[in-house]
Amino acid sequence: MSARRTERLLNLTICLMAGRRPVSKAELRQSIADYRDSVSDDAFERMFERDKDDLREMGIPLSTEHHDPLFDDEVGYRIDPRAYAMPEVEVGPDEAAVLTLAARVWQQAALAPAATAALRKIEAYTGADGGAEHADGLGVEPRVATSEPAFEPLYAAVRDRQPVRFAYRGPRDPQAVERRLEPWGVVSWHGRWYVVGHDLDRDDTRLFRLGRIEGKVSTNGRPGTVTVPAGVDPAASVRSLAPDDAPREARIRVPHAGAHSLRVLAVSVEPGAGTDLITVPFGDPWSFAADVVAAGGVVEEPDDLRDACVTHLRGVLAEEAPR
Amino acid sequence: MSGGVEHLSRLLALVPWLRTHPGVSLDEAAAEFGVTTERLTKDLELLTVCGLPRQGPEDLIDIQYWSDGIQVLDPQTIARPLRLAPDEAVALLVGLRFLRDLPGRHDPLIVDGLIAKLQNAAGDAAAAVEQIAVSVDVASDAADAVRRSLAERRALRIDYLVPSRDEVTDRVVDPMRVVAQDGRSYLEAWCRVAEAVRLFRIDRVVSADVLDEPIAVPPEAEQRDLDDGLFRPDPDDTLVTVEVGPRGRWLTEYVPYEHVVTLDDGTLRVVLRTPDTRWIARLVLRMGGAGRIIDPPELAESVRVEATRLLAAYGDTPTP
């Protein structure tokens with residue numbers, strides 16, 4: 001984009017902020033070179049409209065005001081300097097170091113430019129250098145990845161409260177199916193991003209893993225049309241929507257020197273000769289059977305867990321049988 | 001953002017920043033804003049021809065740049081930074097919340113204070129922050145010990161679970177830093193047993209004691225460069241080929257692989273590298289038939305042997 005357009009936008013911004021009263025369109029047309037040099041009224045109108053849109057897109061609070069409502073006078077334009085500016089922030093060196101770390105979280109991820117811009121605005125008040133070395137000394141390096149292509153459009157939809165639709169392939173689906181969602185939030189959990197919201201076709205709260213979304217995420221309605229129910233905590237929703245049966249206890253025989261991944265969960269251990277009998281709480285028998293088998297444990301009770309392990313092992317052998 | 005708006009954005013950020021960093025050089029300012037020195041010089045030139053309508057010298061932005069650095073003498077109404085955009089507020093606030101739950105030398109109270117300050121400064125722009133979260137999964141006892149050991153600069157003794165070898169190992173480590181990649185936290189430390197820098201997953205630290213002796217990281221210990229990711233494959237690793245059906249697809253989301261091919265019947269054939277094949281054997285056992293090892297054959301056989309042994313313990317002999 002031309003430097004000339006940037007100049008014009010900058011002049012417009014300064015002009016609208018400097019005036020103590022709203023500036024009329026006529027005055028602007030006289031004051032700003034490109035408006036003055038417009039070939040026609042029409043050309044000026046179009047240029048001016050686009051310029052106003054651009055400034056508002058940046059978050060600049062450009063307001064339209066009437067000089068005098070009684071006389072239905074000319075409309076005037078203004079940027080209130082107090083609405084324009086970020087409120088002053090005071091940040092000490094310890095805090096500056098922590099802020100630098102918080103911005104680093106997004107390094108190489110979608111919100112990195114936004115994080116840097118935010119930090120810089122704060123530094124415009126504090127004059128601090130971001131305390132980069134100080135940050136290094138804090139002994140923690142937090143990072144988040146947003147490698148899923150669906151992250152950016154879904155984050156934007158959540159931010160703008162806009163419905164979406166996308167093709168989704170669940171863990172057992174042979175093909176992707178189109179889903180329509182009013183998104184409430186995006187959460188990174190155990191290293192993966194999830195979107196939670198109201199599924200329009202199932203008419204219920206649903207959770208989707210972004211890595212399983214295939215193709216584009218399209219908007220499916222206007223911004224601002226999604227209402228997030230009061231008290232929704234996306235992170236809590238993600239944790240609670242994972243399947244979770246009421247815990248029961250299993251008794252499992254494990255070799256003396258093994259099955260540590262089960263032992264660390266055990267509430268009691270009965271030592272024996274060659275093997276120990278441990279008691280372990282579990283929820284869903286099918287997913288726990290996988291853990292028990294992988295650890296080399298043998299279930300004594302309950303029966304449904306025992307049967308699940310047998311089925312599981314038979315499955316392994318059927319698959320492993322030479323073809 | 002369109003190009004023009006991005007350019008204006010930078011200029012509006014530049015003037016306030018230069019005001020509080022007087023005397024900064026062209027090169028330093030360019031580096032801070034991620035542009036070339038040439039670009040920054042053009043930006044400054046553009047700024048100095050902008051200002052109020054009458055455009056007499058007193059109406060223009062006045063920036064001087066000499067050998068002793070850049071000085072803003074008259075910012076013409078754009079002395080203060082533009083209020084935070086929603087993405088900017090969200091980025092920092094989500095980052096701060098993530099940080100609060102992680103062990104490290106930072107003070108959680110400072111983090112809380114910053115969150116409050118930022119929410120105040122951001123106003124409505126921070127509304128969307130409730131809708132985005134990064135969950136941290138840290139076992140609290142181990143995390144507390146790690147935090148204390150870093151804060152007091154004392155060595156740590158840990159019982160660490162290595163699932164692939166099904167061992168709990170006892171070792172003394174010298175903590176260097178905590179690395180949190182997404183929701184998982186790792187302690188990067190000098191391991192005195194291995195005599196090397198190691199990454200320990202904090203949720204696998206079964207127990208930890210802060211020792212009296214100080215942290216003694218030797219000079220040759222190097223921090224990992226995280227830009228390549230946390231784990232790098234070694235050419236000496238074993239290549240393993242696994243085939244998975246629809247129920248086993250999650251494998252490709254769970255492990256880094258060399259390549260994957262979709263076969264005619266929809267089966268995925270995944271090739272991956274590992275220094276220790278035992279964890280793959282366990283993974284396939286875990287899959288319950290949703291996947292099988294194609295290569296190396298000895299590894300496939302070891303899975304069959306283990307599954308047969310376990311079935312026999314249930315009094316079940318497999319049909320041949």
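Modeller: Start with R29(A) and D41(A), which form a salt bridge with 2.6 Å between the closest N and O atoms. A salt bridge here is a side-chain nitrogen of Lys or Arg within 4 Å of a carboxyl oxygen of Asp or Glu. Before going on: this is a predicted model, where local features need pLDDT of at least 70 and side-chain atom pairs count only at pLDDT 80 or more, while totals for chains, interfaces and linings use all residues. Residues are numbered from 1 along each chain as its sequence is written, chains are lettered from A and ligands numbered from 1 in the order in which they are written, and side-chain values use heavy atoms, with hydrogens and water left out.

Colleague: Where do R29(A) and D41(A) sit in the chain?

Modeller: R29(A) is in helix α2 (residues 25–31) of chain A and D41(A) is in helix α4 (residues 41–57) of chain A, so the pair links distant parts of the chain, 12 residues apart. Helices (H or I, at least four residues) and strands (E, at least two) are DSSP runs, numbered from the N terminus.

Colleague: Is D41(A) buried or exposed?

Modeller: D41(A) counts as exposed because its relative accessibility is 53%. Buried means under 20% relative accessible area, exposed means over 50%, and partly exposed is in between, with a 1.4 Å probe and protein chains only.

Colleague: Which residue does D201(A) meet in a salt bridge?

Modeller: R180(A), at 2.9 Å from N to O. D201(A) lies in the loop between β7 (192–199) and β8 (204–209) of chain A, and R180(A) in strand β6 (residues 177–189) of chain A, so the pair ties together parts 21 residues apart in sequence. D201(A) is partly exposed because its relative accessibility is 40%, and R180(A) is partly exposed too, with a relative accessible area of 32%.

Colleague: And what does R251(A) form a salt bridge with?

Modeller: With E270(A), the closest N and O atoms being 3.1 Å apart. R251(A) lies in strand β10 (residues 248–255) of chain A and E270(A) in strand β11 (residues 268–270) of chain A, so this pair ties together parts 19 residues apart in sequence. R251(A) counts as partly exposed at 25% relative accessibility, and E270(A) is partly exposed at 38%.

Colleague: Why do such side chains pair?

Modeller: Side chains of opposite charge can pair when their charged atoms come close. There is also a network of salt bridges linking R4(A), R8(A), D34(A) and D51(A).

Colleague: How many salt bridges does the structure hold over all chains?

Modeller: 44. The count between chain A and chain B is 5. R286(B) and D291(A) meet in a salt bridge at 2.3 Å, N to O.

Colleague: OK, the interface then. How many residues does the contact take from each chain?

Modeller: It takes 115 residues from chain A and 109 from chain B, where contact means heavy atoms within 4.5 Å. The area buried between chain A and chain B is about 9,700 Å², and carbon and sulfur atoms give 62% of it. Buried area is the accessible area (1.4 Å probe) that two parts lose on being put together, summed over both.

Colleague: Switching to chain B. Is strand β11 mostly covered or mostly open?

Modeller: Mostly covered: 5 of the 7 residues in strand β11 (residues 268–274) of chain B are buried. Strand β9 (residues 238–244) of chain B runs antiparallel to β11(B), joined by 7 bridges. Strand β10 (residues 259–262) of chain B is also antiparallel to β11(B), with 4 bridges.

Colleague: Which residue in β11(B) is the bridge partner of V244(B)?

Modeller: L268(B). T262(B) also has L268(B) as its bridge partner in β11(B). The hairpin of β10(B) and β11(B) has 5 residues between the strands, and G266(B) there takes a positive phi near 90°.

Colleague: Last one: how many helices and strands does chain A have?

Modeller: Chain A has 13 helices and 13 strands. Of its 323 residues, 48% count as buried.

Definitions and conventions. Pairing = 2+ DSSP bridges.
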